[in-house]
Amino acid sequence: MNKVAFLLLGFCIMSNALKAQSDKSANSMPASKAIYGELGGSGLVFSANFDSRFKGHKGLGFRAGFGFFGAASGGEADGIITIPVGINYLFGKGEGPHHFEMGLTYTYLSTASSTFGDQESTFFFHPHFGYRFTKPSNSFNGRIYIGPLIGDGFVFFPFGGLSVGYTLPNRK
């Protein structure tokens, strides 16, 4: 499954580099890009993420991130590493900051336990929907959403997430 996650990440990064033909519509502005920290959600505990639209301020986009949660006691360490990679779509009227978001994220999950000398990895999918506040450039952004975690064996677990970040300045 590692190969699937890295192929999806590579596709998202390469797709962002493609240039679309420009027109005079509102969506012809440069792709909106953001960085944010997320509690819960696809990173499980905490993750740092990059998000970008393929074109303009809303519409189809992707996200990629890295999460870590660890504990150490008595010289032994246990930890969880997550790598969420996904696609999302922002709906909204005009160029306002309020958006409805729908998305699907694939998350690679690796756990390590020095106590037992184990290391395991798995994956899960996280379809979600929620609210996103974001302006086209150079501003605060935030989002709150819910959706199930769907793990190995199609185990469903209701979950949600909250993120806070910064929309990067647009460059033409």
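Arg143 is buried, with a relative accessibility of 4%; buried means under 20% relative accessible area, exposed over 50%, and partly exposed in between (1.4 Å probe, protein chains only). The model is predicted: local features need pLDDT of at least 70, side-chain atom pairs count only at pLDDT 80 or more, and totals for chains, interfaces and linings use all residues. Residues are numbered from 1 along each chain as its sequence is written, and side-chain values use heavy atoms, with hydrogens and water left out.

**Salt bridges**

- The structure holds six salt bridges, each defined as a side-chain nitrogen of Lys or Arg within 4 Å of a carboxyl oxygen of Asp or Glu.
- Arg143 pairs with Glu38, and their closest N and O atoms are 3.3 Å apart.
- Because Arg143 lies in strand β7 and Glu38 in strand β1, this pair ties together parts that are 105 residues apart in sequence.
- Glu38 is buried at 0% relative accessibility.
- Arg132 forms a salt bridge with Asp51, where the closest N and O atoms are 3.2 Å apart.
- Arg132 is in strand β6 and Asp51 in strand β2, so the pair ties together parts 81 residues apart in sequence.
- Both ends are buried: Arg132 has 6% relative accessibility and Asp51 has 2%.
- Glu101 forms a salt bridge with Arg143, with 3.0 Å between the closest N and O atoms.
- This pair links Glu101 in strand β5 to Arg143 in strand β7, 42 residues apart.
- Glu101 is buried, with a relative accessible area of 1%.
- Shared partners join Glu38, Asp51, Arg53, Arg63, Glu101, Arg132 and Arg143 into one salt-bridge network.

**Fold and contacts**

- The protein has one helix and eight strands; helices (H or I, at least four residues) and strands (E, at least two) are DSSP runs, numbered from the N terminus.
- The order of elements from the N terminus is α-β-β-β-β-β-β-β-β.
- Of the 172 residues, 38% count as buried.
- Among contacts (heavy atoms within 4.5 Å) with a separation of 6 or more, 54% are between residues 24 or more positions apart.

**Nonpolar core and surface**

- The largest nonpolar core consists of five residues: Ile83, Val85, Tyr106, Tyr108 and Phe123.
- Such a core is a set of buried Ala, Val, Leu, Ile, Met, Phe, Trp, Tyr and Cys residues joined through side-chain atoms within 4.5 Å.
- The accessible surface, from the Shrake-Rupley method with a 1.4 Å probe, comes to about 9700 Å², and 70% of it belongs to carbon and sulfur atoms.
- A nonpolar surface patch of about 890 Å² includes Leu60, Ile87, Phe100 and Phe129.
- Patches are made of residues with over 30% relative accessible area and no salt bridge, with like charges joined within 9 Å and nonpolar side chains (Val, Leu, Ile, Met, Phe, Trp, Tyr) within 5 Å.
- Strand β4 holds Ile87, which is partly exposed at 40% relative accessible area.

**Backbone**

- Leu44 has a positive phi, near 70 degrees, and is found in the loop between β1 and β2.
- Asn138 also has a positive phi, near 55 degrees, and sits in the loop between β6 and β7.

**Confidence**

- The average pLDDT, the predictor's confidence in each residue from 0 to 100, is 82, and 76% of the residues score at least 70.
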